[in-house]
Each structure stands twice: as C-alpha cells, then as structure tokens.
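User: Can you walk me through a model? Helix packing to start, then aromatic rings.
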Amino acid sequence: MTQQHSYDVVIVGAGGAGLRAALESSLRAKTAVITKLYPTRSHTGAAQGGMCAALANVEEDNWEWHTFDTIKGGDYLVDQDAAEIMCREAIEAVYDLEHMGMPFNRTPEGRIDQRRFGGHTHHHGKGAVRRSCFAADRTGHMILQTLYQQNVKHGTTFFDEFYVLDVLLADGRAAGVVAYELATGELHVFRAKSVVFATGGYGKMFKVTSNAHALTGDGPARRPHGGHGVLPVPPDRPVPARHPVERSGQGRGRHPPQQRR
C-alpha cells in the first residue's frame, strides 16, 4: 500500500547542506528530510581538515583573498559571483555553527582557532595563511552532529533510509517525490510546494576514489526527463570535482612486494 505525505518543503539528502537547509526551512515551514542513510552517517562526516572562512583570528585575512584563492583553485572556471558570495558569507556561517554549539578548537584567547589548508593565501598569493576553522580532525563529524541536534530541536521530520525514485511534476514544476522505504520496500509519495536536492557528490563515478560507496549520483540521476522544462542543466555547469587523495592502484597489491620497484 502506498503511503501519502504532504509537506511545504521536502529536502532530499541529509549531509551538511541538506541539514542546514532543513534547519532554515523548519523555522518557517513544515519540512521533511528524506535520506538513504541515517543523517549522521552522511559523507560530510568524512571531512577532517576544517571549513575555511576568513575570520582573521590568528593571522591577517579577508574574504577577498579567499575569493581569489577559490577562483584560482578552480583554474578560473569558477562562477566568480558564486565564489564571492560563498567566501563572504562563510564567515557568518562559521559563527552560526559556533552559536549552535559546535565545539571548534580554540586559541588561548578563546577564539575559534585556525590552521593552514591547501591553496589558501594572503595578499592574492603572496604566502600561506591560517584560514581553516576546525574541530580536531573530525570537523565534518561535528558539523553533522550539531546540525542534526538543531533539526531535532526545531521539529524537522526525518525519513531515514528512504530512497527517492522519481520527481513528481505538476504544470512543469517539481511538486514532490516518490520514494521507497528500504526496510520494507513500501512506496511513499511526498507532495510538497518546494523540493530541494542536497544529495552531495558522486565520487563513485571514478574507478579509484576515497569517497564512500553511497556517493553514487542518485540526486542528479533523478532529474526529470522528457523536456518538461524543470531542473534545467545550465550550459556552463561546473566540472565534476574529484577529491585528490588517492592514486591509481592504491591498496590493490597488484604485484608481490619483491616485484615492486
């Protein structure tokens, strides 16, 4: 038997982006989050080094230098307006997490501590700068815990271990999703005024990757087909990113030790 649900906002995905969107939405509207994993098992939890924001707590810094580093790091293919918004608003985003209770590492003065991270410079590339805000080596894990706790506090409804099959359309607009419950195989129809996809990356498109096995690109695959005119693919869509922490053949033991050179 198919179960019916009705919400103002349905968010697909419960990583850092999905949980932050859900928290903002739940303060204003009836919100549901659909996730194929338990929220705190999302891949955001694998992020260790920190999140970068030009707080200038330990060294001189500003968001314009951060923007320059972001655009240069993307080989100048980056949407520069988006990069500017991200770097400028990253400062407030970090303080928001701090006010929610995220346990950032601290300087002796009690401020959020910062450390160096690849590609971050001062004065437009003149030298390295300490910009990464961190919680030991489990920054992503603590982001998930903090955001999930806040969502529970504000009454966000979670549908854990549900897999979205398709997007509902009405007059050329997204009007909800169809999902099935992994534990029972039962179908659920979620009708909503707004649908947000926050399904993360899809590192498993690469043969060798450090990404979790769950990152299979389900979100992009759910894009409506047939020329309905919704969720268009932009002509200047970004290049898929590959997190560079692996090398071909790593851990595969193709040759016995005595044959390796």
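User: In what handedness of crossing does H1 pass H4?
Analyst: The crossing is left-handed (the near helix is turned anticlockwise from the far one by less than a right angle). This is a predicted model: local features need pLDDT of at least 70, side-chain atom pairs count only at pLDDT 80 or more, and totals for chains, interfaces and linings use all residues. Residues are numbered from 1 along each chain as its sequence is written, and side-chain values use heavy atoms, with hydrogens and water left out.
User: Which residues make the contact?
Analyst: On H1, Gly16, Leu19, Arg20, Ala22, Leu23 and Ser26. On H4, Leu144, Leu147, Tyr148, Gln150 and Asn151. Contact means heavy atoms within 4.5 Å.
User: How do they divide into nonpolar, polar and charged?
Analyst: 6 nonpolar, 4 polar and 1 charged. Gly counts as polar here.
User: Switching to rings. How many aromatic pairs are there?
Analyst: The structure holds 7. Rings of Phe, Tyr and Trp (its six-membered ring) pair if their centres lie within 6.5 Å.
User: What are the distance and plane angle for Phe159 and Phe190?
Analyst: Centres 4.8 Å apart, planes at 80°, so the pair is edge-to-face (over 60 degrees). Phe159 lies in strand E6 and Phe190 in strand E9, so the pair ties together parts 31 residues apart in sequence. Strands are DSSP runs of at least two residues, numbered from the N terminus.
User: Are those two buried or exposed?
Analyst: Both Phe159 and Phe190 are buried (under 20% relative accessible area, 1.4 Å probe, protein chains only).
User: Which residues do ring pairs link into a cluster?
Analyst: Tyr7, Phe159, Phe162 and Phe190.

Definitions and conventions
Helix = DSSP H or I, 4+ residues; strand = E, 2+ residues; numbered from the N terminus. Phe/Tyr/Trp six-rings, centres within 6.5 Å; stacked < 30°, edge-to-face > 60°. Buried < 20%, exposed > 50% of the residue type's maximum accessible area, 1.4 Å probe, protein only.
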